[in-house]
Each structure stands twice: as C-alpha cells, then as structure tokens.
Amino acid sequence: MEHRGKMGDLGIGDRLRNAREAKGLSLEAVEGLTRIRAAYLRAMEDEEFERLPGPAYLKGFLRTYAAALGLDPDPLVEAVPAEQPRAPSLIGMRGVEIPIQPAAPRSPLRRAATYTGLALVVGAIALGAVGYLQLRQFNAPLPPEAVTPVPPEPTPGTPEPRQPAPAAPEPPPEPTDGPEKPAPETGGVTLEIRATGESWIRVTADGETAFQGVVEAGTVRRWRAEERLTLRVGNAPALEILVNGESVTPGRQVWEQTFEAP
C-alpha cells in the first residue's frame, strides 16, 4: 500500500523506519518508550493505517512515535491521507445474500468489557501525550567530554575491599570567636534523585550521558562528577533532587540545570 505526502521521495512509513533503524531501536524497544503497541508501530511504518483504532488515534500515535525518534511530527501528520481505506462492502453486489438476524440484547458482562476497552484506549492516548511532551526534551546531542564513571554499588555476596587503617586523630583546632562552620565538601559534585512518581531523566556527568531513561516511584539513584553534572527531567514534581546534599527545587515541570563542582 502506497501513501505519499508532500515530503519528497520518502513516505511516512519510510521516514519512521529509517529513523528507528538509524538509532538501532527495535519495535519492542520503541513500544517500551512510547507505550504504543508494536503492532500499531509496524502498521504506521507499513502505512497500513486502517489497522489502527481510528483517524483520531492515528495522528496522536504518529506524533508520539515521531517525537520518540527525534523527528518533526507536523510534516508527517500533514502527509496523512484525508480519507483512510476501508474494507470492501458486500452490500449492492449481485448474487450475494446477506442474512439479517434480529439483534440480541447485550449482556452486562459484554457491556463491562466494552467500557473497560474504552478506558484503556483513553489511557493510552493520555500516556502518549505525556510521552510526546517529555521525550522531545531528550533528542539534542551533547558534546563529548571526559566522564568520571560512577562506582557500582556492591552486590550481595561480593567481599568488600579492605579499607586502609584510620590515621591518627589530629589535635583539636584552637578555639575561635563564635561557632565554627563546617568546611564545604570539595572534590566534585554529587547528585541524588528520589522519585515519588514516574519521570524521564537524563544525567550528564562531565559531558557524557551517565543515565537516560524512566525512573519509577520509590527509586533512589546517585551520580558523581569531577567538574559538572547536568540534569534534565520530564516530570519534575515527581522528583526530590539533592545536589551535594542540598535540596534543589525545579522551576517548571520539564526542567534542565547544570551544577558545577565547588
């Protein structure tokens, strides 16, 4: 099936497939990012739009899919044909008899299944819209720089390395006028994330991506860099952010900030 919009030689499906393969993503991987079924993603790449739930869902799915691949969704949506093909009808064909049976009343169980299906479709559309707003923030390339790897957390059963013997205690400092303030922590910058809900985040340590993905509620993650850390979030109200032990309050829902070592 051929569908071509005003985008040059490549159609909607070719643009989507080429962008996905260029990023090395499978349909199952994109399904996990966009919450759109792999069968619907393949239907958009094959330009078999009649396999989708309907025209309204097609445009929403297409926008979410394009944003996840780093494409501008507007030209793809404008290239969608105004009329979608439908299955051939047997009404009016010669020699074909269509039996008509009286409609049976719908059972309560069937009505409940119908309402459940509608609720799932509405939820998928809402998740797709949220995914489109958040994923579009994670497509800009970053300049490569040196990165200090974060030491992995010890796993159960792995012996911990021996610690050097503690040094002899130093004599207490001379008393000064007024209370003494603790010296600020030096030697890099640390970042701690405590998630109270689901959110996309990207952490860049000294110019290289240390983490990019979705954190669930209850997740606690930490990163450290020698010079700077950059944090980009897609759902800031669902995160508690600590930089060098101090709480940081984002200014908006989709938020990015770079923190320098003291």
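## Asn235 and its loop

Asn235 sits in the loop between β5 (228-233) and β6 (239-243) of this predicted model; helices (H or I, at least four residues) and strands (E, at least two) are DSSP runs, numbered from the N terminus. At 17% relative accessibility, Asn235 counts as buried, where buried means under 20% relative accessible area, exposed over 50% and partly exposed in between, with a 1.4 Å probe and protein chains only.

What does the side chain of Asn235 meet? One of its polar atoms lies 3.0 Å from the backbone oxygen of Glu198. The side chains of Asn235 and Gln253 are also joined by a polar contact of 3.4 Å. For such a contact, a pair of N or O atoms must be within 3.5 Å; within protein, one must be able to donate a hydrogen and the other to accept it, and residues adjacent in sequence count only if both atoms are side-chain atoms.

## Strand β6 and its partners

Is β6 largely enclosed or open? Four of the five residues of β6 are buried, so the strand is largely enclosed by the rest of the structure. Strand β1 (residues 189-195) pairs with β6 in the antiparallel sense over five bridges, and Ala195 stands opposite Leu239 in β6. Two strands pair if DSSP finds at least two bridges between them.

β6 also pairs with β7 in the antiparallel sense, here over three bridges, with Leu242 opposite Ser247 in β7. The two strands form a hairpin with two residues between them, and Asn244 in the turn has a positive phi of about 55 degrees.

## Arg252, out in a loop

Follow the chain onward to Arg252, in the loop between β7 (246-248) and β8 (255-260). Arg252 is exposed, with a relative accessible area of 55%. A polar atom of the Arg252 side chain lies 2.9 Å from the backbone oxygen of Val254. Arg252 and Pro237 are 15 residues apart in sequence and 8.3 Å apart in space, C-alpha to C-alpha.

## Helix α1

Now to the helical part. The buried residues of helix α1 (residues 12-22) are Ile12, Gly13, Leu16, Ala19 and Arg20. They cover an arc of only 140 degrees around the axis, which puts them on the same side of α1; the arc is that of the directions from the helix axis to the C-beta atoms.

Which elements do these buried residues pack against? They pack against α2 (27-34), α3 (38-45), α4 (55-68) and α5 (73-78), where contact means heavy atoms within 4.5 Å. Just after α1, Gly24 takes a positive phi of about 70 degrees.

## The whole chain

The protein has six helices and eight strands, and from the N terminus on its elements run α-α-α-α-α-α-β-β-β-β-β-β-β-β. Buried residues make up 31% of its 262 residues. Among contacts between residues at least 6 apart in sequence, 66% join residues at least 24 apart.

## Confidence and conventions

The average pLDDT is 75, and 63% of the residues score at least 70; pLDDT is the predictor's confidence in each residue, from 0 to 100. Over residues 87-103 pLDDT stays under 50, and the model has three contacts beyond four places in sequence for them. Residues 140-151 are also below 50, but this stretch has 23 contacts in the model beyond near neighbours in sequence.

Residues are numbered from 1 along each chain as its sequence is written, and side-chain values use heavy atoms, with hydrogens and water left out. As this is a predicted model, local features need pLDDT of at least 70 and side-chain atom pairs count only at pLDDT 80 or more, while totals for chains, interfaces and linings use all residues.
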